[in-house]
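Open the model in your viewer and keep the selection tool at hand. The tour goes from one selection to the next and says what is there.

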Amino acid sequence: MGNNSPQGKCGCGLISAVFWRSAPNNNNANNLKKVSNSPDTKKHQGGYKDEIFLGKASANKPKDSSRRSDSKPHHRPKPVVNQRNHPAGGTFKVSPTEGYVNNGRRVPKEAIGISGELENMISDRQKGSSTLVRASSSNVMMFGNLGNLRQGGNTNYHNGDHHAKQRDESPVANGRYMNHTVENVRNGSNEQPASLCRALSTRMDPEQLKMMGNEDYKNGRFEEALALYDAAIAIDPNKASYRSNKCAALTALGRLLEAVFECREAIQLDPRYQRAHHRLGNLNMRLGETDTALYHYKQAGGEADPDEIAKVKKIQIHLNKCTEARRLGDWNSLLKHTNYAISSGADSAPQIFALQAQALLKLRRHQDAETTMSKGPNFDADECTKFFGPIGSANLLVTQARVYLAAGRFEDALVAIERASRVDPNNKEAKKVMGKARAVDTARTSGNKLFKEAKFSEACVAYGEGLENDPYNSVLLCNRAACRSKLGQFEKALEDCTAALNLRPSYSKARLRRADCNAKLKRWEASIKDYEILLKEKPEDEEVRMALLEAKEHLIEQQGE
């Protein structure tokens with residue numbers, strides 16, 4: 001894309017002011033190792049043919065005298081091929097077929113996948129009862145894996161150890177081609193995808209694999225389509241359309257950042273590929289990168305819809321208003337415009353959800369802040385750093401740590417803030433939150449220990465020290481309320497419980513303690529109200545049910561007097 005690409009430029013006002021990122025690096029396609037053909041490889045009509053020996057059958061195979069006569073006097077030892085004990089007591093061998101010529105191009109076996117996968121399937125099933133049959137003139141496969149053919153016995157490969165092995169042995173770049181065990185994520189099917197079985201019977205033409213992937217994509221089988229696109233890319237990694245189609249499959253699976261990286265590869269291969277530009281524009285719109293989205297829509301030419309361009313500009317206006325509202329500390333306006341931006345199309349922008357959570361924390365709506373962060377996209381931290389840059393990624397982690405801390409998830413907060421410090425060591429907010437998180441966690445741990453030892457006064461002081469660092473921490477408030485209740489300080493305990501519930505209305509432990517304190521103070525109506533809310537949340541809680549009945553009886557007695 002040259003110097004006109006927006007990858008090195010700052011985004012809209014919001015991105016540059018709050019979540020500024022460094023330019024992401026485009027990853028080149030994985031390099032494939034070249035492996036020379038083995039002497040045992042046999043070419044057959046322009047294709048290839050694996051030699052498979054079962055038991056002692058290899059001993060009866062005639063030797064090639066011409067090959068022996070051409071050999072040099074000093075023989076090198078032959079490489080050891082895969083050998084496993086056959087259940088019947090024979091030896092199972094697969095010739096080390098290392099490559100074949102496809103349309104004049106030498107393709108390494110590690111890249112093409114199906115041949116290597118076939119060998120893995122056969123060797124992994126040696127202890128089973130599967131039958132090997134000839135699927136075509138050049139392939140052998142399991143009878144139980146012939147797609148629509150059905151037979152008795154279990155042909156599923158969903159054992160955890162098997163999955164781990166297949167990932168390690170995957171012949172496709174980036175380790176994403178999960179061999180023959182890809183599941184249909186939409187319908188939860190446990191059957192092996194028929195498209196991969198069909199792929200086993202092909203001559204590994206990448207265009208054919210792409211067409212099969214397109215068929216699966218149209219039918220909603222996105223995982224299977226992804227595997228087939230991966231297989232096509234492994235054979236011909238320099239075809240932009242394969243990577244663009246893979247981007248579409250990843251997008252359908254919700255793996256947006258991976259889709260962005262794949263689409264960038266497609267454009268790097270073909271800078272004029274309008275469909276790839278259009279897809280990248282759509283992705284950047286959803287991710288809140290409006291400037292980048294507009295750039296790619298412009299490069300997409302006729303592929304871009306005017307309505308899409310108008311939508312991006314609308315999101316851009318709301319994001320600029322978010323930046324201004326945050327600068328002025330107008331948290332209600334910030335909430336309003338972040339909601340508008342999300343509903344307008346930026347539905348997968350983590351920085352926008354983080355801004356919304358920041359506003360809710362400032363408004364002391366901690367429960368809503370936690371809910372907002374949980375609704376946002378759950379991207380891998382390394383992918384976030386690659387896309388948003390270290391500064392933007394660290395800012396996201398800082399906000400996440402603040403939300404965890406407010407929700408009483410101290411360990412999670414420490415993990416997030418420590419990662420933020422590693423990603424961006426110069427982030428001042430990360431250092432500030434780090435100190436706060438450690439102080440609060442230490443106070444909680446110390447207070448809990450003292451409470452278990454029945455040292456309620458000392459525990460109360462310990463929780464108070466934590467609240468000096470975080471005055472609105474609902475967990476510390478609730479824990480201090482428990483100490484004060486044990487000390488008979490019911491009014492102060494009520495204050496702490498009410499403060500905790502204002503921050504987190506669904507905090508059931510604080511509500512239960514408040515109901516108990518009101519009962520101790522013979523404020524039966526207030527106690528009954530809290531017990532009824534608790535019982536509505538947990539109808540099976542017999543302890544709350546009995547406490548409610550007892551409170552109602554006392555209220556009747558009190559009213560009778």
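Now check the length of helix 10, residues 256–269. At 1.5 Å a residue, its 14 residues should span 20 Å, and the end C-alpha atoms are 20 Å apart, so the two values agree.

For another charge over a ring, select Arg504 and Tyr507; the charged end of Arg504 is 4.4 Å from the centre of the Tyr507 ring.

Next come the aromatic pairs, of which there are 3. In one of them, Phe387 and Phe388 have ring centres 4.8 Å apart and planes at 90°, so the pair is edge-to-face. Phe387 is buried at 2% relative accessibility, and Phe388 is buried with a relative accessible area of 2%. Phe451 and Phe456 are also edge-to-face, because their planes are at 65°, with the centres 5.2 Å apart. Phe451 is partly exposed, at 26% relative accessibility.

Last, colour the chain by pLDDT. The average is 75, and 64% of the residues score at least 70. Over residues 8–115 the pLDDT stays under 50, and over residues 125–192 it is below 50. Where pLDDT is low, the predicted coordinates should not be read in detail.

Note on methods. Residues are numbered from 1 along each chain as its sequence is written. This is a predicted model: local features need pLDDT of at least 70, side-chain atom pairs count only at pLDDT 80 or more; totals for chains, interfaces and linings use all residues. Side-chain values use heavy atoms; hydrogens and water are left out. Helices (H or I, at least four residues) and strands (E, at least two) are DSSP runs, numbered from the N terminus. The expected span of a helix is 1.5 Å times one less than its number of residues. pLDDT is the predictor's confidence in each residue, from 0 to 100. Contact means heavy atoms within 4.5 Å. Rings of Phe, Tyr and Trp (its six-membered ring) pair if their centres lie within 6.5 Å; planes under 30 degrees apart count as stacked, over 60 as edge-to-face and the rest as tilted. Buried means under 20% relative accessible area, exposed over 50%, partly exposed in between (1.4 Å probe, protein chains only). A charge sits over a ring if NZ of Lys or CZ of Arg is within 6 Å of the ring centre and within 35 degrees of the ring normal.
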